[in-house]
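Please read the points below alongside the sequence and the model. They are set out by region.

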Amino acid sequence: MSFEGFPVEVSPIYEGQRIRKEDMYVEFGGPSVDRKFELVLAASMEEVEDGAVKIIGPDLTELKEGGSYPLGILIRVAGAKVEKDLEPVIERRIHMYTNYVEGMMHLNQRYDIWIRISKKSFKKGLTSLKWWGLALIRLFKAEMPFIEKMEVNFITDPEKVKEWYQKALQIYEARDARARTIRDEDVDMFYGCVLCQSFAPQHVCVISPNRVSLCGAMNWFDARAAASVDPKGPNFPIPKGKCLDPIKGEYEGVNEVVAKRSMGAVKRVFLYSMFQYPHTSCGCFECIAFYIPEVDGVGFVHRGFRGPTVNGLPFSTMAAQTGGGIQTEGFLGVGIEYFRSPKFFQADGGWARVVWMPSELKERVKDAIPPELYDKIATEKDAKTIDELKKFLMEKGHPLGIKLKEMEAAVAPPPEKPVEAVPAVPTAVPSVAGIEVTGIPVSAVPTAGGGMKIILKGAKITVKKLIVKKVEASKKVEKK
Ligand code: SF4
């Protein structure tokens, strides 16, 4: 494909480029800008001015160097085969094709985009958004020939961005609502996406009816449409195969395809759990789920939350730990729509395991939270530290707060009268032998890695020998 006459190169070799703040001419969207979006709309042939790039508001030369600005990318497409189903599919490719432009970086999706233009490319002549729009039109028409007409509108006028932003949110919501009508059990085919392998080479998104992509931009219908119109593209079918574990969400077909597409790096995937073999995360996730061992619960943080979370870490620090396409037990990138899934962390206890999330996110997914748990989940307004979180959970009677109370009671200081026998050890606690305990109970907390943290509080002990034995489930059944 020729980009003759363009001031910069346009090629897949630039995919994955990063532009640091000190190297950027300007940025659009990102964490410091409230309103930004990208939206593709299917239109009639008459409604689309083919090849046009319109800039509604100031262009690059009118913006102050080093600034962060709002932006709406509104693309209209038409063609005999262009259907509404294809809108999100085309929309998601804006990410890929923008990253082909030398000196341009595009991150995230939908209402959360973040674009940087480098000083170097600006100096080379990338001084108007027009070049970006023309590159998109050429790339889309070459790679998706069913698009017969395309026009690109860049909205930089803050008032107009605000107006369209609300419309865009309504359109995203309508797309998500449609995908809530089917379940994983109803289909034989899941779909995959490897669009983000340019940033995270081992990452494979598995998209099922009950598990939206972690970027939130691709649901099962979208992925199915993408795989059918562009079989050589980044989306592909995954025959579900035999279900190996309906609670954890492990499927033979998923394991096979993910192993192949990740070049053997990922061999097993649990779709409904963040432990053992969690889904990989690239870097585009809308939210991070993080395990909080001190309360044995799960917290969430969304990309827009700027403060530290209850474990003291902000989104950006945990994103580095979560992303990159590797399986990290206890950290998982998820799409916001996954909160509404009937399979939401099914293997880990579902909503009963959720203990903390920013108030903005809690409000956004309010409809998905079981009413009896809503007031029991803390936000940054209720708990800023783990100690505050423990207190909140116990006071509110959260299922994990009740457990914590029981554990605290179990490790309470010994009564004045000496107690002869060691109090009963909870069933989940490994047996501890060879310890001279004087009225001191022993308790244990499961950790993210599946192990145990043994707590001996206020004890004066002499350890001659310590044997930790794993209690086999089958043996426990036999004893009964
Ligand atoms: S996050 Fe997943 S679904 Fe979304 S673009 Fe990346 S690979 Fe595709």
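**Notes on the predicted model**

1. Just after helix H6, Met263 takes a positive phi of about 55°. Helices (H or I, at least four residues) and strands (E, at least two) are DSSP runs, numbered from the N terminus. Residues are numbered from 1 along each chain as its sequence is written. This is a predicted model, in which local features need pLDDT of at least 70 and side-chain atom pairs count only at pLDDT 80 or more, while totals for chains, interfaces and linings use all residues.

2. H6 itself covers residues 252-261, and its buried residues are Val254, Asn255, Val257, Val258 and Arg261. A residue is buried if 20 or more other C-beta atoms lie within 10 Å of its own, exposed if 12 or fewer, and partly exposed in between, with C-beta atoms placed from the backbone. The cover over the buried residues of H6 includes E9, E10, E11 and strand E13 (250-251). Contact here requires C-beta atoms, placed from the backbone, within 7 Å.

3. Strand E9 (residues 189-193) has four of its five residues buried, so it is largely enclosed by the rest of the structure. E9 runs antiparallel to strand E11 (residues 235-239), with five bridges between them, and Gly192 has Phe236 in E11 as its bridge partner. E9 is also antiparallel to strand E10 (residues 205-207), through three bridges; here Cys193 stands opposite Cys205. Two strands pair if DSSP finds at least two bridges between them.

4. Which residues come nearest to the ligand? Of the 13 residues around it, these are Cys193, Cys196, Cys205, Ser213 and Cys215. A residue is near a molecule or strand if its C-beta atom, placed from the backbone, lies within 6 Å of it. The shell around the ligand has 11 nonpolar residues, one polar and one charged. In this classification Ala, Val, Leu, Ile, Met, Phe, Trp, Tyr, Cys and Pro are nonpolar, Asp, Glu, Lys and Arg are charged, and the others, Gly among them, are polar.

5. The largest nonpolar core has 118 residues, of which Val206, Ile207, Ile288 and Val355 touch the most other members. H3 gives the largest share of this core, eight residues. Such a core is a set of buried Ala, Val, Leu, Ile, Met, Phe, Trp, Tyr and Cys residues joined through C-beta atoms within 7 Å. Leaving aside residues up to four places away in sequence, the contacts of Ile207 include Cys193, Val212, Ser213 and Trp220.

6. An open sheet of four strands, with mixed pairing, has the order E2-E5-E8-E3. Strand E2 (36-42) and strand E3 (53-56) are at the edges with a single partner strand each, so one side of each lacks a neighbour in the sheet. Neighbouring strands of this sheet are turned by 15° against each other on average, direction ignored. Axes are lines fitted to C-alpha atoms, for helices over the stretch in contact, and angles run from 0 to 180 degrees between N-to-C directions.

7. Within that sheet, strand E5 (residues 71-78) and strand E8 (residues 149-155) are antiparallel over seven bridges. Ile75 is opposite Val152 in E8. Helix H3 (residues 129-143) packs on the sheet and touches E3 and E8, its direction making about 150° with that of E8.

8. Apart from residues up to four places away in sequence, Arg76 touches Leu41, Ala43, Glu47, Val48 and Glu151.

How values were computed. Two residues are in contact if their C-beta atoms, placed from the backbone, lie within 7 Å.
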